[in-house]
Amino acid sequence: MSPADPAAGQVPDVVADQAARPRVVLYGRAGCHLCVEAREVVATVCAERGATWVEVDVDEDPSGALVAQYGDYVPVVTVDGVQQGFWQVDAVRLAKAISRRAPG
């Protein structure tokens with residue numbers, strides 16, 4: 001999967017149809033214990049809210065842009081391209097952000 005474009009707030013290019021794009025993106029990296037915890041929170045909240053989500057490994061971005069933007073802050077979670085938190089994902093804040101109407 002290709003990485004997200006952090007400047008544009010876009011998710012991987014494998015999803016061409018904007019309506020099918022995940023609303024929630026979790027940026028993380030392998031071996032990150034906080035990322036494991038964040039993944040559990042994101043998966044649970046998204047399942048409860050019926051929201052789609054994807055996880056992007058910042059270290060797999062060949063341009064290095066994701067490491068430059070998020071590297072010291074992973075895990076980072078965004079909803080509709082807007083950052084909602086980093087290091088520890090707040091389930092209540094994430095649920096509220098998902099509950100807001102998606103732009104478009």
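# Strands, helices and loops

Modeller: In the predicted model, V24 has W53 in β2 as its bridge partner. Residues are numbered from 1 along each chain as its sequence is written. In this predicted model local features need pLDDT of at least 70, side-chain atom pairs need 80 or more, totals for chains, interfaces and linings use all residues, and side-chain values use heavy atoms, without hydrogens and water.

Biologist: What makes β1 and β2 a pair, and in which sense do they run?

Modeller: Pairing takes at least two DSSP bridges between the strands. Strand β1 (residues 24-28) and strand β2 are joined by 5 bridges, in the parallel sense. They therefore count as a pair.

Biologist: Which helices and strands does the chain hold, and in what order?

Modeller: The protein chain has 3 helices and 4 strands. Along the sequence the pattern is β-α-β-α-β-β-α. These are DSSP runs numbered from the N terminus: helices are H or I with at least four residues, strands are E with at least two.

Biologist: How do you know which strands are the edges of the sheet?

Modeller: The 4 strands make an open sheet, ordered β2-β1-β3-β4, with mixed pairing. β2 and β4 (82-86) each pair on one side only, which marks them as the edge strands. On average, neighbouring strands of this sheet are turned by 25° against each other, direction ignored.

Biologist: What pairs with β3, and which residue stands opposite V76 there?

Modeller: Strand β3 (residues 76-79) pairs with β4 in the antiparallel sense over 4 bridges. β1 and β3 also run antiparallel, joined by 4 bridges. V76 in β3 stands opposite Y27, and its bridge partner in β4 is F86. V77 stands opposite G85 in β4.

Biologist: Why is T78 called buried?

Modeller: Buried means under 20% relative accessible area, exposed means over 50%, and partly exposed lies in between (1.4 Å probe, protein chains only). T78 is at 4% relative accessibility, so T78 counts as buried. T78 sits in strand β3. Leaving aside residues up to four places away in sequence, T78 touches R23, V24, V25, Y27, Y70, Q83 and Q84. A contact here means heavy atoms within 4.5 Å.

Biologist: Which way do the other residues of β3 point?

Modeller: V76 and T78 point one way, V77 and V79 the other way, and all are buried. Strand β2 (residues 53-57) has a covered face of V54 and V56, and an uncovered face of W53, E55 and D57.

Biologist: Is A68 buried or exposed?

Modeller: A68 has 70% relative accessibility, so A68 counts as exposed. A68 is in helix α2 (residues 65-70). Between A68 and V58 the C-alpha to C-alpha distance is 8.9 Å, with 10 residues of sequence separation. For the protein chain as a whole, 38% of its 104 residues count as buried.

Biologist: Why are α1 and α3 called oblique?

Modeller: The axes of helix α1 (residues 33-49) and helix α3 (residues 91-99) come within 10 Å and cross at roughly 40°. Axes are lines fitted to C-alpha atoms, for helices over the stretch in contact, with angles of 0 to 180 degrees between N-to-C directions. Under 35 degrees is roughly parallel, over 145 roughly antiparallel, 65 to 115 roughly perpendicular, and the rest oblique. α1 and α3 are therefore oblique to each other.

Biologist: Which residues meet between α1 and α3?

Modeller: V41, V42, V45, C46 and R49 in α1 meet A91, L94, A95, I98 and S99 in α3. The residues of this contact of α1 with α3 divide into 8 nonpolar, 1 polar and 1 charged. Nonpolar covers Ala, Val, Leu, Ile, Met, Phe, Trp, Tyr, Cys and Pro; charged covers Asp, Glu, Lys and Arg; the others, Gly among them, are polar.

Biologist: Which strands does α1 lie across?

Modeller: α1 lies across β1, β2 and β3, and runs at about 170° to β1. α3 packs on the sheet and touches β1, β3 and β4, its direction making about 25° with that of β3.

Biologist: Why is D80 called partly exposed?

Modeller: D80 has a relative accessible area of 27%, so D80 is partly exposed. D80 lies in the loop between β3 and β4. That hairpin has 2 residues between the strands. Phi of D80 is near 55°, a positive value in a residue other than glycine.

Biologist: What is phi at W87?

Modeller: W87 has a positive phi of about 65°, although W87 is not a glycine. W87 lies in the loop between β4 and α3. With a relative accessible area of 42%, W87 is partly exposed.

Biologist: How do you know that the V74 to P75 peptide bond is cis?

Modeller: Omega of that bond from V74 to P75 is near 0°. P75 is placed in the loop between α2 and β3.
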